[in-house]
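Biologist: Could we go through the aromatic contacts and the surface of this model together?

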Amino acid sequence: MKIMNIQVLKGPNIWSIKREKLIQMRLDLEDLEYKPSNEIPGFKKRLEELIPTLYTHRCSKGYDGGFLERVEEGTWMGHIIEHIALEIQTLAGMDTGFGRTRSTKTTGIYNVVFAYIEENVGIYAAKAAVRIAEALIEGSAYNIGNDIITMREMRDNERLGPSTGSIVDEAKARDIPYIRLNAGSFVQLGHGKNQVRFRATLTDNTSSIAVDIAGDKEETKRILKEQAIPVADGTTVSTEEELLQAISDMGFPLVFKPLNGNHGKGASINVKTEQEALEAFKHARQYSEKVITERFITGYDFRVLVINNRMVAAARRIPAHVVADGRHSISRLIEIANEDPRRGYGHENVLTEITVDRDTMDILQKKGYTLETIPAEGEIVFLKSTANLSTGGIAIDVTDIVHPHNVFVCERIARVIGLDICGIDIMAENLSQPLYETGGVVLEVNAAPGFRMHLAPSEGQPRNVAAPVIDMLYPPGKSARIPIIAITGTNGKTTTTRLIAHIIKNNGYRVGYTTSDGIYIQNSLMIKGDTTGPASAAFVLKDPTVEFAVLETARGGILRAGLGFSRCDIAVLTNIQEDHLGISDIHTLEDLANVKQVLVESVQKDGWAVLNADNEYCVKIGRDTTHCNVAYFSMNENNAVIEEHCSRGGVAAFNDQGIFTVKKGNWKIRIAKISHIPITFNGTVHFMTQNAMAAGLAAFLWGFKIEDIRTSLETFVPSPAHTPGRMNLFEFRDFKILVDYAHNPDGLRGLRDFILNTEASYRTGVISGTGDRRDDDIREIGRLAAGMFDNIVICQEKYLRDRTYDELIVLLQEGIKEVKPEIPCAVIANSKEAWDYVIGKVQPGELITIISDSINNAYETVKRHQDKVMAAS
């Protein structure tokens, strides 16, 4: 077997709209295409022995053991690899479940698709599943445990921590989109101007001053003490001399912790001798130059969580410990404790495995114990000086028994320090009595407190503490999303996108839009190039200035990674024509329609799909669409689809005797005279008229005023500024130059009437092919060119795409000769030479058409010539 390609899908895709996170592996079974599982001796037995949990996979049978029955009956290896990839992820703590395996039109090649939780783990699972299957086929030994360990480690390096993850999960439950902004815990909720960002439990609302105060434990204590909040007596020391003075002033027992420490690092408690104090001081100095020395307070360690100035949870924390049974050593007791299924690696389970470190050894040494000591039965042996869950501690929820006075104190602390999310550490006998009665004190205040102890306490009621965070970030009435209009189709996408953006900008919105020319924020080009994929959509949605997104969405991005957004308000499908067929398993127009339909299926329930009623594939998609509203546009009012649709109260746009008209049921609404819309060239260019209707209809459905739509349509002039590469006509004194990015036969057909009907004494076309099209698509460019021009120049500088230069030239020439063998046809490899050639031979009244970027930087070239002519005149 051979892995040909692995793609990571991160948004709605051709396999699933709702399951956005999928691995798509293109797998060549080679000789195994002719050898199903039942023809491989002993394969099923070896598979069951290696991964017995595959028994739970039901497959198409619908019951436990169904998949293994399929293996016994005989199934192909791609299907088996799909199930292995899913199960090894489950064994590594990532239960997914969704998978599909489909053959392609190439014999032996399959698309193996399965869900993932962490991207790199999913990729690893794909590769590991193939290795496992190969070992099972050969009957060789395979250590699947190594894969599981590796995947767990990868998961913990990649995944969001429990606090960040809980906030993201709560956002998703409320249909708030999120974007992970780095490999760590930096996350954006919402889109555009409605976004908020947070890192762990620091949010946009978190005061940097408050974080600085909380990070300085001495300053925190001073402020709290001034506000009559009980704190532990103590001081800060930097030298051994200051340490000895502190011991003299306070006596023993003492607590040592670094001034700027966190997560209990560098802390020592219940220090009782001068030697222990010196060692604790040195240990804390590893984390901070200054060390806090406090009087040791007896009692229990509590954490109170305050969010948006309201107490939401409280927990009693107990350091990692073991309870002796009188028979086992401390070392063995730790092993037994770690066998608890609730304990796991890192944050994967409710509890974390207990590890032995310096802190553990110091605590045991103070008791005169070693790891091999066998304590008396019933003795509790503490193994850490702090109660952090990350070091193996446990948490007991006490939220419901916190005394109202203590609630008041904690909420007041959050306001005094100024933290929107505040973790308060308290040492007290209990929290059910006021602190002033029990002698309890506040030990410290934490910015960015962890949520894990509250989300999944070892004992007591779990608390959804992420909910008040989302309540704070998105209070009632605040939207997390911005409007999205997305455009796809074979031809006309970019012009339609630009025109919609133009209409929206004229209505006072700050627009971010993506095109095949680049990404624009309002009127500024941010990134140049073909930016019609999910990464470009994310760029716009991450911009905090954007109020409205208009996103050109090409087939390549959908196939490569899925959509860059989970849903849109309006989807526009301009047309479906032959282009890019034979690539990525898209061989027919039906295949292409399935790809484009992904965008339509992403429209929200009360949104609109705007479809071309003159295109049979768009019409079929419209008839299959039941989850959202559908509107059509057509060049013909009498289009049968339009008539039927409007008879049922539907909305449509069409050319009504030269007027762009919208019809709702039986009511007609006049938008604009088509001849007054500049991009239609007086209504002579039908595909531009369709683009204008699609854009105008989308704007109408959004709710913009008729007069604003009309004004925008009439002020959108075909030019390098508004429509670069689309019907840009440059007029010189004696000739004209038309530049258009007609990159496929259908686009060229759209130009044909305009070129042939434009007054010209002679017509020259500069053409090229694109290597990733089928042979006959390239020939068709030649055929169409021969029917439109009196003279042809082939200038093939780029877009070879795995073909040779000579291949493309020959295919273009073959198409030309089929139609007009006698037509003059020059082949010029260099765009500068091609330009010099056509300009050098230009005739009075000639129309030169430069198609599909045949000449590098065609605009700049034409504009330079324009400037040269003007300077000369």
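The conversation below turns to ring pairs, charges over rings and a surface patch.

Modeller: Please note at the outset that this is a predicted model.

Biologist: Fine. How many aromatic pairs does the structure hold?

Modeller: There are seven aromatic pairs in the structure. In one of them, the ring centres of Tyr509 and Phe548 are 5.3 Å apart and the planes stand at 85°, so this pair is edge-to-face.

Biologist: And where do Tyr509 and Phe548 lie in the chain?

Modeller: Tyr509 is in the loop between helix H17 (493–506) and strand S23 (511–514), while Phe548 belongs to strand S26 (residues 548–552). The pair links distant parts of the chain, 39 residues apart.

Biologist: Is Phe548 buried or exposed?

Modeller: Phe548 is buried, its relative accessible area being 0%. Tyr509, at 28%, is partly exposed.

Biologist: Now charges. What sits over the ring of Tyr300?

Modeller: The charged end of Arg316 does, 3.8 Å from the ring centre. Likewise, Lys478 has its charged end over the ring of Tyr474, at 5.0 Å from the centre.

Biologist: Turning to the surface, which residues form a nonpolar patch?

Modeller: Val323, Ile380 and Phe382 do, and together they have about 250 Å² of accessible area. Phe382 is part of strand S18 (residues 380–382).

Biologist: Why does Phe382 count as partly exposed?

Modeller: Its relative accessibility is 35%, and partly exposed covers values between the buried limit of under 20% and the exposed limit of over 50%.

How values were computed. Residues numbered from 1 in each chain as written. Predicted model: local features only at pLDDT ≥ 70, side-chain atom pairs only at ≥ 80, totals over all residues. Heavy atoms only, no water. Patch = residues over 30% accessible without salt bridge, like charges linked within 9 Å, V, L, I, M, F, W, Y side chains within 5 Å. Areas by Shrake-Rupley, 256 points an atom, 1.4 Å probe, with all protein chains shown as cover. Salt bridge = Lys/Arg side-chain N within 4 Å of Asp/Glu carboxyl O. Helix = DSSP H or I, 4+ residues; strand = E, 2+ residues; numbered from the N terminus. Buried < 20%, exposed > 50% of the residue type's maximum accessible area, 1.4 Å probe, protein only. Phe/Tyr/Trp six-rings, centres within 6.5 Å; stacked < 30°, edge-to-face > 60°. Lys NZ or Arg CZ within 6 Å of the ring centre and 35° of its normal.
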